[in-house]
Amino acid sequence: MSKVLEQLGDWAPVYTQVTEELGLEYEVLKSTLKSERTSRIVYPSSPEVLRAFELTQLKDLKAVIIGQDPYHNGAATGLAFGVREGFKINPSLRVIYKELCLEHGEEELPNFDFSLESWAKQGVLLLNTTLTVVKGHPNSHENLWKGFVDAMMRNMIRFHKDDVVFLLWGKYAQNRFKAMIEASNNYDGKSHVIITTAHPAAEVYGSMKAGFVGSNCFLKANDNLSYPIDWVGSYESEHPLPQDTWDGGQIQEP
């Protein structure tokens with residue numbers, strides 16, 4: 001078994017089916033990533049590219065949060081919105097933290113895990129729609145990953161899970177996946193739950209009036225789960241992150 005399939009755990013059959021369906025498109029994806037890493041710095045490092053799937057196994061999946069582009073400054077860890085230790089907290093993550101404080105009636109959450117690994121280990125898939133980015137060039141790999149991410153989501157939604165809560169933040173996530181989820185509910189008999197709000201980043205530019213803060217989206221998610229998620233606790237990592245200077249060698253690209 002390849003290192004990628006070992007890393008993916010019970011996502012491996014989904015990954016195998018998707019890559020077979022994509023065929024040449026997936027081969028181009030792999031070769032492009034390999035070429036990019038030889039001449040440019042690409043984030044996150046190779047073993048972190050599929051980390052969202054690694055940490056949130058399919059059998060444990062409860063909720064999905066969609067991000068867009070990995071941080072292009074080295075803070076990306078493979079988990080959407082999560083920040084590597086030692087890096088400045090991104091504005092979107094600060095807004096997420098503010099909403100959680102508000103929902104729980106607290107000014108601070110002393111045990112909050114800004115890496116968001118605690119969420120991932122509880123069954124929250126933190127999936128960026130673009131899984132890699134060139135250093136200093138946001139959205140540089142946006143088109144590269146579209147087919148793969150869409151196929152992984154579609155396959156999971158239709159054939160592998162039910163009763164998943166999808167938190168779709170912002171028009172981008174909603175336009176990309178809302179119809180896909182609704183179609184599965186209508187035609188495949190699924191019972192997925194969709195919770196929509198403004199994107200956290202919209203609050204940064206909207207004087208905290210965009211609609212994310214005060215949405216109670218995390219409480220709403222738990223209201224739809226048999227086993228609620230501890231959104232504000234802490235988790236001691238069992239998966240230490242590679243050093244930020246890791247060069248990507250010796251590990252197979254997805």
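Colleague: Before we get to the helices, what are the axes lines fitted to?

Modeller: Axes are lines fitted to C-alpha atoms, for helices over the stretch in contact, and angles run from 0 to 180 degrees between N-to-C directions. Keep in mind that this is a predicted model.

Colleague: Okay. At what angle do H7 and H8 pack?

Modeller: About 30°, with the axes 10 Å apart. H7 covers residues 142–160 and H8 covers residues 170–187.

Colleague: So how are H7 and H8 oriented to each other?

Modeller: Angles under 35 degrees count as roughly parallel, so H7 and H8 are roughly parallel to each other. Their crossing is right-handed.

Colleague: Which residues make that contact?

Modeller: From H7 you have Glu142, Lys146, Val149, Asp150, Met153, Arg154, Ile157 and Arg158. H8 brings Tyr172, Arg176, Phe177, Met180, Ile181 and Ser184.

Colleague: And how do the residues of the contact of H7 with H8 divide?

Modeller: Seven are nonpolar, six are charged and one is polar.

Colleague: Let's move to H2. How do the axes of H2 and H7 cross?

Modeller: At roughly 130°, and the axes come within 10 Å. H2 runs over residues 12–22. That angle makes H2 oblique to H7.

Colleague: Is the crossing of H2 with H7 left-handed or right-handed?

Modeller: Right-handed.

Colleague: What meets what there, H2 against H7?

Modeller: On H2 it's Val14, Tyr15, Gln17, Val18, Thr19, Glu21 and Leu22. Facing them in H7 are Gly147, Phe148, Ala151, Met152, Asn155 and His160. By class, that contact of H2 with H7 has seven nonpolar, five polar and one charged residues.

Colleague: Switching topic: how many cavities of 30 Å³ or more are in the whole structure?

Modeller: The search finds one. The largest cavity holds about 30 Å³ of space.

Colleague: Which residues line the largest cavity?

Modeller: Leu22, Glu25, Tyr26, Leu29, Leu144, Gly147 and Phe148. H3 (24–39) and H7 each supply at least two residues of that lining. By class, the lining has five nonpolar residues, one polar and one charged.

Colleague: What about the backbone: is the peptide bond from tyrosine 43 to proline 44 cis or trans?

Modeller: Cis, with omega near -10°. Proline 44 sits in the loop between strand E1 (42–43) and helix H4 (51–55). Most peptide bonds are trans.

Colleague: And leucine 116, is its phi positive or negative?

Modeller: Positive, about 65°, although leucine 116 is not a glycine. Most residues other than glycine have a negative phi.

Colleague: Where is leucine 116?

Modeller: In the loop between helix H5 (91–103) and helix H6 (117–121).

Technical notes:
Residues are numbered from 1 along each chain as its sequence is written. This is a predicted model: local features need pLDDT of at least 70, side-chain atom pairs count only at pLDDT 80 or more; totals for chains, interfaces and linings use all residues. Side-chain values use heavy atoms; hydrogens and water are left out. Helices (H or I, at least four residues) and strands (E, at least two) are DSSP runs, numbered from the N terminus. Angles under 35 degrees count as roughly parallel, over 145 as roughly antiparallel, 65 to 115 as roughly perpendicular and the rest as oblique. A crossing is left-handed if the near helix is turned anticlockwise from the far one by less than a right angle, and right-handed if clockwise. Contact means heavy atoms within 4.5 Å. Ala, Val, Leu, Ile, Met, Phe, Trp, Tyr, Cys and Pro count as nonpolar, Asp, Glu, Lys and Arg as charged, and the others, Gly among them, as polar. On a 1 Å grid over the protein atoms alone, a cavity is a set of points where a 1.4 Å probe fits but cannot get out, and a pocket is an open set with protein on both sides within 12 Å along at least five of seven lines; lining residues have an atom within 4 Å of a point. Grid points are joined across faces, edges and corners, and a volume is the space filled by probe spheres set on the points.
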